[in-house]
Amino acid sequence: MSQAKDEDTVSITVEFSGGLEMLFANERKLSLTIPVKDENGERPNIAFLVRHLCDTIMKDPRKELFVLDDTVRPGILVLINDADWELEGEDKYEIEEGDNILFVSTLHGG
Amino acid sequence: MAYETVIRTLRQKITSCESQLQDLRRHLAEAEYQNQRQRALSHPERNVHSSADPLAHDFTHGMHDDFTSEIFAALSHSEEAAPPKRRWPLETTEYKRYGRQLIMPEIGLQGQLRLKKASVLIVGVGGLGCPAAAYLVGAGVGTVGLVDGDTVEESNLHRQILHSTAKVNMTKVDSAIVSLHSLNPHVNLVPHYGRLTPETAISTLQHYDLVLDCTDTPASRYLISDTCVLLGKPLVSASALRTDGQLMVLNNPPLPPGNAAGGPCYRCVFPKPPPPESVVSCGDGGILGPVVGTMGVLQALEALKVLTKEPSTSVTRSASPDPPSLLIFSAYSSPMFRTIRLRTRKPKCAACSAHATVTAEALNSGSLDYVQFCGTINPVDALGPNERISVDNYAKIRLDVNPFTGLEPSKDSHILVDVREKVQFDLCSLEGSVNVPFSTVSSTSSKVKNGPGTEPITEAGWVAELRQHVDKPIFVVCRMGNDSQVTVKKLKELGLDNGGQRWIGDIRGGLRAWRNNVDKDFPEY
Ligand SMILES: [Zn+2]
């Protein structure tokens, strides 16, 4: 499987739920390729992914609905392969090939 | 004219009958409650389990003889008579009513007895609370309390299944009690009118075994979670919006704050509230009935699982509860359901850790301001008076013949921009208006070079369109009059006002004000 893929990139799936998809042109699921090393030569982590999403993918100017103080805003859960990112090291988690990263905004309606 | 009078008279009659009906229902509920209390007192060993008159029911439908005689005995000799020995742990009618769940190993006799002994508080009797209450009452939970401060509105009925057309304007609590009582008269239903507040939270929740959060604001979610932690009650929390829903069982097991083996609370998962501008209500965002219904039904299911669970007796094999998880429902995704593993209790949680700052004293004294904690959005007040026009004045521009020139009013004299989302615009709109959805407005960058000769490379189509007809003033309208103001600012940032030569302003109060003051037939949705 890994033979065919570019050695310099990591392929991941990013998903949005709870209304966050509206900030990403109503796409609920994105297949992304990110560099295997970030701007400092480190392995890309979630913090890098959040910056990448905000700077390159997100066209909506309302960035404050996604990030606040350089991290995802309160009320958004980040789930790494179906587990709360707090179980995986939060934004320090180093992204691996094939990871599924889900951003969920809390809902309040009832 | 004659018809108008008839219609008005009929409307008045209906209104007065409805209010009479509502009074009667409230009296009925009170009488039933007193009746059931009396029976509970006169027959203390039997669980409080009915707010109905069982005799009336049984004379109509027939029932087992010894139950009838038992009731007569209970009613005729109140205190002195020793209660007759019971032959079976459940009433005969209960075997029949709950038979289909009784034969399931997940419930069984012990499970049903646990349900009968249990009490559940449902906070919020709306889209989540209605289906949740229906299933819990149907399943024979002994006592179900209902908290809500609202009255039934027509726009609730597509999803709030306990309410009905005839019960519009009735309190949601009364409406739900009428429906639930006819569903299962054996359940003790307790009304709590009004919203839950920090001052009333502990006294309201403390007598219940389990709580369902069926509310619709972040402030109430933090309040309910904090109170559940303080009182040691498991909490089943759900929410829904548009086509999505979320469900969590929190504080399960409900161990005291500081005990890391307890289940996480709402604050563990969401330590900080979301910014208020990111919170969307069902009224603004919309909601599909079966989506919120699904979540309410799932809350009832989780509640039944918690309530019927066998208590762990063995010290060596303490039954570990399911690991904390978040269920995500997404009606238009495949698969529709997803379960996410959640964290355990947060070591620094403000509510459930050893360092908790949320205390019963703080709650009771009212020093915890949940509304302030979650923040509020002030109504937009972005424009000066000369950038705004009232609906009445706008109506003159649109509808009146100019008294001096005798000229017909021309809708062509100006541009009316309606910034509601397209789906709302398609429902109803003012003739001649142009739709530029607010989401489009917001996602357009206002960093446009506007100097002579430096035409922006790619200007959004809608901006280019408005840039034409420089002579025509632009009026902006929306549903309530907030987005329109923000849009006016944006249009000016984009330089559409031609350096102040072209008037751009908003219609104050939006289409709601238009309906209230100008056109009564403009649909309300
Ligand atoms: Zn906590």
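One pair links distant parts of the chain: Cys268(B) sits in helix H11 (residues 266–269) of chain B, while Cys352(B), 84 residues apart from it, is in the loop between strand E8 (337–341) and helix H14 (360–364) of chain B. Helices (H or I, at least four residues) and strands (E, at least two) are DSSP runs, numbered from the N terminus.

Before going on, a word on what you're looking at: this is a predicted model, where local features need pLDDT of at least 70 and side-chain atom pairs count only at pLDDT 80 or more, while totals for chains, interfaces and linings use all residues. Residues are numbered from 1 along each chain as its sequence is written, chains are lettered from A and ligands numbered from 1 in the order in which they are written, and side-chain values use heavy atoms, with hydrogens and water left out.

Back to the metal. For reference, the ideal angle for four tetrahedral donors is 109.5 degrees. How buried or exposed are these cysteines? Cys268(B) is buried at a relative accessible area of 0%, and Cys352(B) is buried too, at 1%. Buried means under 20% relative accessible area, exposed over 50%, and partly exposed in between (1.4 Å probe, protein chains only).

Now step to strand E8(B). Its covered face carries Arg338(B) and Ile340(B), and its uncovered face has Phe337(B), Thr339(B) and Arg341(B). The partner of E8(B) is strand E7 (residues 325–330) of chain B, running antiparallel over five bridges (two strands pair if DSSP finds at least two bridges between them). Six residues separate E7(B) and E8(B) in this hairpin, and Ser325(B) stands opposite Arg341(B).

Arg338(B) also takes you across to chain A, as it is linked with Glu15(A) and Asp82(A) in a network of salt bridges. A salt bridge is a side-chain nitrogen of Lys or Arg within 4 Å of a carboxyl oxygen of Asp or Glu, and the structure holds 17 of them over all chains. Another one joins Arg28(A) and Glu21(A) at 3.3 Å, N to O; Arg28(A) is partly exposed at 21%, whereas Glu21(A) is buried at 6%. In chain B, Lys116(B) and Glu94(B) come to 2.9 Å between their closest N and O atoms. Lys116(B) lies in helix H6 (residues 108–117) and Glu94(B) in helix H4 (residues 92–97), so this pair ties together parts 22 residues apart in sequence. Both residues, Lys116(B) and Glu94(B), are buried.

Last stop: the "binding site" annotation from an unreviewed UniProt entry, which covers residues including Gly127(B), Arg159(B) and Thr217(B). Arg159(B) is buried at 13%, and Thr217(B) is partly exposed at 27%.

Methods: UniProt positions renumbered as here; feature names shortened; annotations may be inferred.
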